[in-house]
Amino acid sequence: MSMKDKMHTQELYLPGDEEIMTEQLQRLDRLYEFNQTRPLEQEKRQQMMKEMFAQIGENCYIEPPLHANFGGKFVHFGKNIYCNFNLTLVDDTHIYVGDYTMFGPNVTVATAGHPILPRLRREGYQYNAPVHIGENCWIGAGACIMPGVTIGDNTVIGAGSVVTRDIPANVVAVGNPCRVLREIGERDREYYFKDKKIPADL
């Protein structure tokens, strides 16, 4: 099995492999071009995202700069996804994000890890595990989502959280390490922020 194939099997591999690096640099070059687009060039950005990503649905918005190890090659976005600036996608293997999910600024979604054993790190070994984020999630500013994590539909991840394990659907989860704070419940149907009521016509 080639090093390139091992990127998606959770096996140890060498990311500096020549075949991997050749393609990665080409994709990073395209990502650089995306990040140089002007705010008025929305149509150009949409077309570039369709070329760069493994899958991207309609009405997705990504505010540059975007950082992605493989320029989005292994990123699967549904529709109506919003990404604020400085989203980092360590897409050495696949990242799946459901429809209507939002990312605050400075969020990191990482699929890559390195062995704890110092000798293996010195030799440059890495492994990857896919990340799955459900539909209609809100990932707060500065959150970090670690390799192999799954986050369920409708869940809110609090700002600054470090998500090291799976988080279920329909909850608010916060902290380092990220833990479920509470379920999304009846009060959330009436209040949108502290004592601020949701208008009756919404």
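These legends accompany close-up views of a predicted model.

The model is a prediction, in which local features need pLDDT of at least 70 and side-chain atom pairs count only at pLDDT 80 or more, while totals for chains, interfaces and linings use all residues. Residues are numbered from 1 along each chain as its sequence is written, and side-chain values use heavy atoms, with hydrogens and water left out.

**View 1. Helices α2 and α3 cross at roughly 165 degrees.**
Let's begin with the helices. Helix α2 covers residues 18-35 and helix α3 residues 42-52, and their axes come within 10 Å. Here axes are lines fitted to C-alpha atoms, for helices over the stretch in contact, and angles run from 0 to 180 degrees between N-to-C directions. Helices (H or I, at least four residues) and strands (E, at least two) are DSSP runs, numbered from the N terminus. The crossing angle makes α2 roughly antiparallel to α3, a label for angles over 145 degrees. The crossing of α2 past α3 is left-handed, meaning that the near helix is turned anticlockwise from the far one by less than a right angle.

**View 2. Residues of α2 meet residues of α3.**
On the α2 side, look for R27, R30, L31, E33 and F34; on the α3 side, R45, M48, M49, E51 and M52 make the contact, which is defined as heavy atoms within 4.5 Å. By class, this contact has five nonpolar, no polar and five charged residues. In this scheme Ala, Val, Leu, Ile, Met, Phe, Trp, Tyr, Cys and Pro count as nonpolar, Asp, Glu, Lys and Arg as charged, and the others, Gly among them, as polar.

**View 3. Seven strands form an open sheet.**
Follow the strands in the order β2-β5-β8-β13-β16-β18-β19, with mixed pairing; two strands pair if DSSP finds at least two bridges between them. The edge strands, β2 (61-62) and β19, each pair on one side only.

**View 4. Strands β18 and β19 form a hairpin.**
Four bridges join β18 to β19 (residues 179-183), and the two strands run antiparallel. Within this pairing, V171 stands opposite E183 and A173 opposite V180. Four residues separate the strands, and G175 in the turn has a positive phi of about 105 degrees. The loop between β18 and β19 also holds P177, which is joined to N176 by a cis peptide bond with omega of about 0 degrees. Of the five residues of β19, the number buried (under 20% relative accessible area) is zero, so β19 lies largely in the open.

N59 is exposed, with a relative accessible area of 57%. N106 is partly exposed, at 40% relative accessible area. Exposed means over 50%, and partly exposed lies between that and the buried limit, using a 1.4 Å probe and protein chains only.

Conventions:
Angles under 35 degrees count as roughly parallel, over 145 as roughly antiparallel, 65 to 115 as roughly perpendicular and the rest as oblique.
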